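I set out to look up the charged pairs, the sheet and the surface of this chain. My entries follow in the order in which I made them.

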Amino acid sequence: MDEIEEKKMVEIFLKIIGPSPPCRLNVPSSIKVHELRKMIAGNRHMPIENLRLVLRGNVLHDSENGDDEVVQFNNGDSLIVAVKPKPPPRHFRDEFEDDDDDELRFQLPPSTSKWKRKLFYLLRDKLKFPDMLLMVIFSISPKVWVIIMTWFILASIARRYEVAPLFLLATGFGLIFYNLGHRKQGELSAYSVFNEDFRELPGTLNAEHIDRDIRAGRF
């Protein structure tokens, strides 16, 4: 019975903004918005990328939070169809016109997981996070976020026991040692104190070399 209801066809009225007269169209009672847009564009020979659909006062969008939107029709519903005009050639645009804002906005890569995409749409569309903040949030790996959250938890504990200065000092030393890097076997450090027998890199200039050159009459 449910399968029959899903395939039920209804007749709707298309009210096209412009000189075109209204027309009727048979569509499934339940249909995805992007499929409806494709159907209308093919039936009325309209550019699908510039097509805007309005049902019961609401603009229909292809997706929300990364999920396809589905619209429910009743027999005799009216759907307003509008075609967004093409922008003028670039050389006619005002130099201060900001038409490329959407292209410059932060976008997730296509390979992003579904839960990250849902979180992205929630932060951008619902909570209105700025693009710069979204870029910072989604550019940091989950492992780094775990480290940051752990640091803040430990910082609050250190503050409670009045050892916050020691905690900050330990954090500073930890960052220094973490960023020292790793040398390959036999590779010399730029600082001779870290090398075996205090060996220096070739070409290193120090006070001993200067004194030797002066004594040899090279200056």
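**Entry 1: salt bridges.** I counted 3 salt bridges, taking a salt bridge as a side-chain nitrogen of Lys or Arg within 4 Å of a carboxyl oxygen of Asp or Glu. I note that the model is predicted, that local features need pLDDT of at least 70 and side-chain atom pairs pLDDT 80 or more, while totals for chains, interfaces and linings use all residues. Residues are numbered from 1 along each chain as its sequence is written, and side-chain values use heavy atoms, with hydrogens and water left out.

I looked up Asp-62 and found a salt bridge with Arg-37, with 2.9 Å between the closest N and O atoms. This pair links distant parts of the chain, 25 residues apart: Asp-62 is in the loop between β5 and β6, and Arg-37 is in helix α2. Helices (H or I, at least four residues) and strands (E, at least two) are DSSP runs, numbered from the N terminus. Arg-37 is buried at 8% relative accessible area, whereas Asp-62 is partly exposed at 29%. Here buried means under 20%, exposed over 50%, and partly exposed in between, with a 1.4 Å probe and protein chains only.

I then looked up Asp-77 and Arg-56, whose side chains meet at 2.7 Å, N to O. Asp-77, in the loop between β8 and β9, and Arg-56, in the loop between β4 and β5, are 21 residues apart. Asp-77 is buried at 14%, but Arg-56 is exposed at 51%.

**Entry 2: the sheet.** In which order do the strands of the open sheet stand? I read β2-β1-β9-β4-β5, with mixed pairing; two strands pair if DSSP finds at least two bridges between them. β2 and β5 stand at the edges with a single partner strand each, so one side of each has no neighbour in the sheet. Helix α2 packs on the sheet and touches β1, β2, β4 and β9, contact being heavy atoms within 4.5 Å.

I noted that β4 and β9 run antiparallel, joined by 5 bridges. Leu-53 has Val-81 as its bridge partner in β9. β1 and β2 are also antiparallel, over 6 bridges, and Val-10 stands opposite Val-27 in β2.

**Entry 3: between two helices.** I looked up Val-163, which lies in the loop between α6 and α7. Val-163 is partly exposed, at 34% relative accessible area.

Notes:
Axes fitted to C-alpha atoms, helices over the stretch in contact; angles between N-to-C directions.
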